[in-house]
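Open the model in your viewer and keep the sequence beside it. This tour gives one selection at a time and says what is there.

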Amino acid sequence: MHDIRAIRDNPAAFDAALARRGLEPRAEEILALDQARRGAISQSETAKAAQNAASKQVGAARARGDEAEFERLRALVAEKKSEIAALEEEARKGDARVREILETLPNQPLADVPDGADENDNVELKRWGSPRDFDFTPVEHYQIKGVAPNMDFATAAKLSGSRFVVLRGAVARVHRALAQFMTDLHVDEHGLSEVNSPVLVRDEAMYGTGQLPKFGEDSYQTTNGWWLIPTSEVTLTNFAAGEILDGATLPLRFCAHTLCFRSEAGSAGKDTTGMLRQHQFEKVEMVSLTRPEDSLAEHERMTRCAETVLERLGLPYRTIVLCTGDIGFGAQKTHDIEVWLPGQGAYREISSVSVCGDFQARRMNARFRPEDGAKPEFLHTLNGSGVAVGRCLIAVMENGQREDGGVDLPEALHPYLGGRTAIDRHGALV
C-alpha cells in the first residue's frame, strides 16, 4: 500500500515510479479524490460545530419562551444532522475509492533496479559453478530411467488432473531429504527460526501480502472462504499484522517448509511436461522483518542464504536482478536465482528474493517502536525461496544423471539418505 502523504508531497515522483513499471500516471486522479474527501471531512466538522452551537441555544430559547427561535434552532439542528451524515458518507466513499486505487497499484521500484519491459531486460549479477560436460546427451528429469518409474504423472492425473505428480520410493525420499537439508541449513547456519504454519488463511492475510484483491485468480479458495497459501510468505509475514513490535527484537527471521498451491492462471501451455510447474508444490520459504535502514543489507543476506543451498548441492546457478517490467507486485527489488538444468540446456528460476519496504506493512498495519517512548513506525518486510523443493529435485536429478539411467546424488544429502549416494537405473537408492 502506498502512503497518500508521500503522493501529496511529490506526485511527480509517484507517477515517475509508475511509469518505470509501464503504467499510466495516477497521482492527479488520486489527489483529486483525496482533496474532495478531505473537503467533505472539513465541511462535516464545520457543520458539527454549528450543530453543537445550535443545540446549546435550543434549551435557552425554550426557557425564555421564544418559540419562534426555538423552532428555528431545532430545525437547524436537524438540518445539520442530515448534512453531517451526507458529508460523512461522501468522505467514506472517497476514502474507499482512494484505497481501492492504491491497493491495486504496485510497489515503487528502487532507484538501482534496471529499467526494462520484461524478463529479457533482467541483468545478470553473478554465476557460480560450471555446467557439467556430459559424454552423452542429457535428458530431462522425467526421462531419466532411474527416475521415471517413481515420478508418476498418470496416477496424479487420475487423482487430481494435470499439473500434479505422485512421487514414489527413492525419488520421494530424495525430495524429503532436500526439504530437511534446506531447513537445517537455514536454522543451524543462517540463524532463521523454524516455523510450522497453516496452509489455510483468511482474506486479511492474503490482502496483507498483496495477493488480494488483484491476484485472487492465481490462488485457490475453499467453499467456506479460506485460501490455500501460494507460499508461506503469507503466513510468516502476517505474524506482524496489527502488531507494534519492540525494535530491539528486529530483525526477525523465519523459515517454513510448507505445501504451496497456485492455480497457474495465465500460464497455459508453459512447462506442461514434467514437474517444473505444478498446482501443488513445496518450498522452504524465508521471511525477514526489519528496521527500514537494515532492509537492503538483509536482502543481500537472504540472497546469499538461497545461493548457499545450491552451492552445497553442487548445482550451477546464476543470480539476476529483475528489471522494472518483471518484478512482482509487492517488491521494490528482486533477485532471482536460476539453476542450470542440463536436460533443457537452460537456467530456470528456483528462488526469488524480494525486499518490499513498508508496502506490505502498511497493508497489514505492521509496525515497530524504535525505542521506548518513540512513535511507532512501519517495519520493512522481505521474503524469498530458500528454495523451491520440487525444482531443486529436478536440478539434482538432471545434473547428477548417468548414461546408464542412474543418478549420483550430492554429498550434502548423503546423511539424510542413510549414507546412500545414488539412485540406480532401476530406481532404487544405493
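Start with helix α11, residues 389-400. The helix lies across β9, β10, β12 (333-341), β13 (346-355) and β16, at about 35 degrees to β16. Helices (H or I, at least four residues) and strands (E, at least two) are DSSP runs, numbered from the N terminus. Angles run from 0 to 180 degrees between N-to-C directions, with axes fitted to C-alpha atoms, for helices over the stretch in contact.

The model is predicted: local features need pLDDT of at least 70, side-chain atom pairs count only at pLDDT 80 or more, and totals for chains, interfaces and linings use all residues. Residues are numbered from 1 along each chain as its sequence is written, and side-chain values use heavy atoms, leaving out hydrogens and water.

Next, select the sheet. It is open and mixed, with eight strands in the order β1-β11-β12-β13-β16-β10-β9-β4. Two strands pair if DSSP finds at least two bridges between them. β1 (123-128) and β4 (193-194) are the edges; each has a single partner strand, so one side of each lacks a neighbour in the sheet.

Now select helix α6, residues 169-188. α6 packs on the sheet, touching β4, β9, β10 and β16 (380-388) (contact: heavy atoms within 4.5 Å).

Finally, show Val174. Which residues does Val174 touch, not counting residues up to four places away in sequence? They are Leu393, Met397, Leu409, Leu413, Leu417, Ile423 and Leu429.
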